[in-house]
Amino acid sequence: MRIPARRRSARVVSLGAPLVLLPLAGMLLRTQGGPPYSPEDALKTFRLADGFQIELVAAEPLLADPVAMEVDEYGRIYVVEMPGYPLDTSGSGRVLLLSDSDGDGRADGSTVFAEGLRLPTGVMRWKKGVLVTDSPEVWYLEDTDGDGRADVKDAVLTGFALSNPQHNTSAPIYGLDNWIYLANEGPVRTTRFADQFGDPGRDVHFPARPAGPRLPPDAAGRNVRFRPDGHQLEMLSARSQFGQTFDAWGNHFLVSNARPIYQEVIAARYLARNPALAVPSITEQTPGYRLPAQVFPITRQPEFQLLTDVGVMTSASGLTWYLADLFPAEYRDAAFVAEAAHNLVHVDTVRPHGSTFRASRLFEGKEFLASTDAWFRPVNFYVGPDGALYVIDYYRRILEHPEWMDDATAGAGELYSGQDRGRIYRITPTGTPRAGWIGKLRLGDATAPQLVQALEHPNVWWRRHAQRLLVDRKPAAAVRPLTALATRSASPAGRVHALWTLEGLGRLDRSAIAAALRDSHPGVRENAIRLAELHLRREPGLAPALLAMETEPDARVRLQLLLTLGELGGDAAEGVRSRLLFANVEDGWMQVAALSASRWRGAELLQEALERLAGGDTPGRRTLLSRIGATIGGTGDMGEIRRTAEMVAMAAAPADSWWRVATLEGLAGGLRGERARAAELNPVRERLAALLLANGDAAVNRAALGVLETIGLPDAGAADQAIAGQAERVFVDRAADPEARANAIRLLAMRGRQHEPLIVSALGRGEPEAVQLAAVRALDRIPGDRHAAAFLSHWPEWSPAVRLEAARALARDPARVPLLLEALASRRVDPAEIDRPLRNQLTALSDETLRARARAIFAVTTASGLDAVERYRAILSVQGDPARGAEVFARVCSSCHQYRGAGGTPFGPDLGEVSSHLPFSLLTDILHPNQSIADGFELWQVKLTDGTTLSGIISSETPTSVTLRRAGSPPTTLPRAQIASMAALDLSAMPEGLDAQVTPDGMAHLLAYLKAGR
């Protein structure tokens, strides 16, 4: 596709256009003739919250395709242009400097500060220039001769992936702690545009310091923080797409598509202390409302593409916490989110909620700002020096990347419509004067005491720039007023900025930290703890002050205290950590904080937990005991593991069942790899075997079996013989509980092949499903095709669950795969019975002949997804019955999907959120899901170090673990140390071939149910 030419001839453009200012107090004005609209007419399409006005600050031809802006200490506006989106990587990106010659608040001049950028995404003032994110680099650009054009272009960092642009590194922010933070989500899978966007990245590093710190390629797809002067570089715990923000106290909030705001709760440096601790997530979804969030657009003739989730948040970006005082009081805790696909700006109120936060809608049934103009594409914001909210409008017809478009739209020649347009708007309370500050600020000329005074300003723009300037210049004259400000300022935010500025200057002392630990404001105390953590080695006298905070009333401060105390050794610190943990046991984040400590004794903590939590089972207590067990297993400390097994075995009261089960289940999950087979675990094997012989608690037995299946049975001897005899007696007793008989099969299978005839007999007709499933799994452990024929002979007698388990067993061993494919080809086994993950496994076989046969089998079954869509197209004109469609959903879809948060399994997307999709789009998604796979729902194959292979959707990742969701199974959290390799299968987790399960009439009913949306 030809990329339209961009204007490049004039370096400076001037306009004499008058200021346009409209108070739009909830009023919608109509206009004709668009879109696209002129900038002035576009103002008439807005519906804005009561009490606010919106005005135009800059528009074409001064700028086009804006995605980010920065205002420096002199009031100069830097704007990043990204005309190359979606496909042009030739270097069309630019940074502009805007000017306002007549002071009317609207830019009338534009200078090209820098050009030749690929797909720039963000800008931040740094020293005498700016940092610009433009994957794979972060550039430093500076104008040294005063001509308004950068003559310095240095790569500060490199190695980030050049992927789909909205996933590239973006949004540089100068943090409260003097680090520069970068949002980064990692490369997204691409099939159509691998040449442009298939780059996975390289080691992220400072190119000027080749021997300096290095991160994995693209920082493993996680956010990054760095300090250019000291060449410090770190990966963070979480990832963010296009945007990130902080509250006034340094809490980090992120954004991604359908997730408008979520918090990174546990920093990577804490998780790194204890690699044995595997947690499913380190982020908290902040909204208190249901996700994906419903939105309330007013767009006329909207432009929606193939994967646009209509009516719900689908393109969230530009998350910005409002940290100024110009807006009314109810906006003091407000976070703004751009939702470009629906042409609106959403706002939440975010308030403390325990140790984290909860977001709630500021408006019900409407948005802060919405437009009838389908080309209005808000993508980012900026809180200016005047406290106004600046809205950056990309102004394009099409926003979606062609990777996820249908072919017709992608090839229609409209991908760049609007490339010559773009706007920046200013939102202020009604009656606010014009923006007279452009190019007229003099913060950069302020003295050191004046900069210190600016740290108390109610607007974060002044505080952040003042702190950056002080840390960069390091004036000795600032130390005394900073020290006074840190303790005596009436502004809590000012006190915090003073503390961190002193830290950046290397002049923060113990007395200032100790005073801040006693501050009246929780935000100051929270930051004082973080600062104390940095000084503990040089100032061990701070430890008693931290320990004295055990009775801290604020939950977020307690969480930070528990994280920081993980750096301290000694009985006193361990005692405070334990007491904080048990006093807050229902808070999962406090559990993670406590267990992340680098110095802890697992078995002792388990014993203390049993003593302190004697009141019985609760969700928090059960989770804690499971986490303790898993972490003990993950450490590989044989002594700790033996003591844990001893405690479980010695408990016998019925009231002990819950914690014994939780601990054993955790232990089984943590024990993997070669250490699990170590001879040092023989005492554990004998203890658990004895427990099985003597214990009548089925749940405990099942959990103990899970451990033994990981570590093996005791060596041959009396205990081994006793186990075998007891298991045989239970198995042959047809009157025994089926689960007990299934457990007996599991035990016998662990002893090798000597019990094969007995186990094979459990495959037959008349045996309960639980017994048959246990037999199939037991025989699966025996290598080769020895029992494949038995599986196939019993196939007609089995339930669907047993058949599926047998199919998985047949596919697991290369010697059995040809037998399974033969049975499928002959229809002895119906191909429709093979679930999606197993189909994917078979059609991705490494043996070319077998792979071709598998693909032929399943292609015949589905008659290809496209053919199925064509055969069912006629039902789109049929009026279906939603009630009957609910029955189809329950039968076919509920095993992997929920409907509006209920009625099924949350494996795939919630199908209650697709009511606004076009019927044909829904039909295609159902019958041909591989046509376009939604980001986040790719199927992954994970191979573990013990040889096990799992497939599923990656639901979350942390620096130490990966959580895999599999259809029909609970989520599995895998420590990274146990993962040998991971690979995306380039396949949807949703099966093709649903035409074999849903008749045309049934499909009409199902579509009616999905379209009903209730």
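# Notebook: looking around a predicted model

**Entry 1: starting at leucine 708**

I began with leucine 708, which has its place in helix 20. Helices here are DSSP runs of H or I with at least four residues, strands are E runs of at least two, and both are numbered from the N terminus. A note for anyone joining me: this is a predicted model, in which local features need pLDDT of at least 70, side-chain atom pairs count only at pLDDT 80 or more, and totals for chains, interfaces and linings use all residues. Residues are numbered from 1 along each chain as its sequence is written, and side-chain values use heavy atoms, with hydrogens and water left out.

Is leucine 708 buried or exposed? Leucine 708 counts as buried because its relative accessibility is 0%. I use "buried" for under 20% relative accessible area, "exposed" for over 50% and "partly exposed" in between, with a 1.4 Å probe and protein chains only.

Next I looked up what leucine 708 touches, and I found Arg685, Leu688, Ala689, Leu692, Leu713 and Met750, leaving out residues up to four places away in sequence. A contact here means heavy atoms within 4.5 Å. I also checked leucine 708 against tyrosine 140: they are 568 residues apart along the chain, and their C-alpha atoms are separated by 57 Å.

**Entry 2: the rest of helix 20**

Helix 20 covers residues 698–711, which is 14 residues. From first C-alpha to last it reaches 20 Å, close to the 20 Å expected at 1.5 Å a residue; the expected span is 1.5 Å times one less than the number of residues.

Which residues of helix 20 are buried? I listed Val700, Asn701, Ala703, Ala704, Leu705, Gly706, Val707, Leu708 and Ile711.

I then looked at both ends. At the start of helix 20, a side-chain oxygen of aspartate 697 comes to within 3.0 Å of the backbone nitrogen of alanine 699. That is a polar contact, meaning a pair of N or O atoms within 3.5 Å; within protein, one must be able to donate a hydrogen and the other to accept it, and residues adjacent in sequence count only if both atoms are side-chain atoms. After helix 20 comes glycine 712, with a positive phi near 90°.

**Entry 3: threonine 644**

I moved on to helix 17 (residues 638–650), where threonine 644 has its place. Threonine 644 is buried, since its relative accessible area is 0%. Setting aside neighbours within four places in sequence, I found threonine 644 in contact with Ala603, Leu606, Ile632 and Thr663.

Most residues other than glycine have a negative phi, and most peptide bonds are trans. With that in mind, I went looking for exceptions.

- The peptide bond from serine 135 to proline 136 is cis, with omega near 10°; proline 136 sits in the loop between strand 10 (129–134) and strand 11 (137–142).
- The bond from leucine 291 to proline 292 is cis, with omega near -5°; proline 292 is in the loop between strand 22 (283–285) and strand 23 (316–321).
- Alanine 219 has a positive phi of about 55° although it is not a glycine. I found alanine 219 in the loop between strand 16 (214–217) and strand 17 (224–227), and its 0% relative accessibility makes it buried.
- Asparagine 343 is not a glycine either, yet has a positive phi of about 60°. Asparagine 343 lies in the loop between strand 24 (334–339) and strand 25 (344–353) and counts as buried at 1% relative accessibility.

**Entry 4: phenylalanine 376**

Asparagine 343 came up again among the contacts of phenylalanine 376, which also include Phe46, Ala340, Leu344 and Tyr425. Phenylalanine 376 is in the loop between strand 27 (369–371) and strand 28 (378–383), and is buried, with a relative accessible area of 1%.

**Entry 5: stepping back**

How many helices and strands does the protein have? I noted 33 helices and 35 strands. The radius of gyration is 31 Å, close to the 31 Å that the globule rule gives for 1014 residues, so the protein is as compact as a globular protein of that length. The radius is taken over C-alpha atoms, and the rule is 2.2 Å times the number of residues to the power 0.38. Buried residues make up 60% of the 1014 residues.

Last, I checked confidence. The average pLDDT (the predictor's confidence in each residue, from 0 to 100) is 88, and 90% of the residues score at least 70. Over residues 1–31 pLDDT stays under 50.
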